[in-house]
Amino acid sequence: MKIAETFTQGSQPISFEIFPPKGDLSLEVAHSVARELADLEPDFISVTYSAGGSGNSGATADVAHMIQSEFGIPVMAHLTCIGLTEDALADRVADLKAKGIENVLALRGDRVAGCKTADYAYAKDIIGRLSDEGFCVGAAAYPEGHIECDLLEKSVEHLKQKQDAGASFFVSQLFFDNRYFYRFLEACLDAGVSVPIAAGIMPFLGKAQIQRMVFMCGASLPSPIIKLLAKYEDDSESLRKAGIEYACAQLTDLQAHGIDGLHVYTMNQPDIACATVEALRAQRGAAFRKPCWR
């Protein structure tokens with residue numbers, strides 16, 4: 001199923017992310033995580049690709065194929081282009097097709113030591129090729145601007161270029177203040193970006209994690225989170241719970257505002273996905289059939 005079809009008028013797809021970090025998420029473990037995510041009946045599941053394309057290029061397609069074939073959930077395989085040659089891209093395309101993958105999230109990828117730009121400098125450089133190969137292509141959006149881009153306007157301009165290259169939807173980088181996302185959507189509309197944009201939300205689970213995310217992504221840290229970090233500095237369990245509750249509040253607010261789609265960065269922890277689904281369905285007035293997080 002083409003993921004672009006899930007963004008039909010009046011719908012608001014809910015999706016999850018699973019990742020095989022550095023190739024050490026075995027198919028057995030991925031199967032267990034995917035089974036619990038599939039029980040929540042997401043509209044699709046995305047499978048990440050390691051930074052710079054190192055470590056798990058094969059695992060991405062394998063995990064995506066397993067989810068799609070065993071659980072019947074549409075999947076989206078991430079594909080980073082940094083470090084890819086034309087021949088390597090052709091190999092990736094052939095592998096994805098052989099495994100029945102229809103949807104690809106085209107990304108540049110993080111710059112990592114020892115990984116040099118090869119034939120493709122930006123995600124937009126492979127979007128057209130992937131679209132021509134018959135894939136439904138999504139791309140990344142940055143609500144507060146890409147960390148390497150000084151001006152939000154420039155990031156929005158790049159988004160429009162990805163749309164023009166053939167991207168049929170976007171999934172946003174994480175953010176912790178919904179006001180930035182709403183401002184970003186207005187800028188996108190003004191720039192002529194018309195395809196759906198799903199909001200990506202990641203709960204904070206600990207101080208070290210959120211510091212890493214802020215420095216990697218350039219996301220702003222609002223005062224309510226700073227206060228929670230201070231309040232639960234010595235209580236990791238309570239901080240984790242507070243982080244999940246904060247993410248659920250973000251998602252229910254986004255849902256109420258009619259955002260195109262809601263994408264949850266689960267960090268391979270199904271209880272996070274379950275908590276968010278419970279919150280969203282409760283707001284919709286539909287009781288979740290299998291409560292699984294307290």
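This is a predicted model: local features need pLDDT of at least 70, side-chain atom pairs count only at pLDDT 80 or more; totals for chains, interfaces and linings use all residues.
Local features need pLDDT of at least 70, side-chain atom pairs count only at pLDDT 80 or more, and totals for chains, interfaces and linings use all residues. Residues are numbered from 1 along each chain as its sequence is written, and side-chain values use heavy atoms, without hydrogens and water.

Start with the charges. The whole structure holds nine salt bridges (a side-chain nitrogen of Lys or Arg within 4 Å of a carboxyl oxygen of Asp or Glu). One of them joins Glu-133 to Lys-97, with the closest N and O atoms 2.6 Å apart. Glu-133 lies in the loop between helix 4 (124-132) and strand 5 (136-141) and Lys-97 in helix 3, so the pair ties together parts 36 residues apart in sequence. Helices (H or I, at least four residues) and strands (E, at least two) are DSSP runs, numbered from the N terminus.

Another bridge links Asp-177 and Arg-179 at 2.8 Å between the closest N and O atoms. Asp-177 is buried at 11% relative accessible area, whereas Arg-179 is exposed at 64%. Buried means under 20% relative accessible area, exposed over 50%, partly exposed in between (1.4 Å probe, protein chains only).

Now the rings. The search finds four aromatic pairs (ring centres of Phe, Tyr and Trp, its six-membered ring, within 6.5 Å; planes under 30 degrees apart count as stacked, over 60 as edge-to-face, the rest as tilted). Phe-175 and Phe-181 are stacked, 4.9 Å centre to centre with 5° between the planes. Phe-175 is buried at 0%. Phe-181 is buried at 0% too. Phe-175, Phe-181 and Phe-184 form one aromatic cluster.
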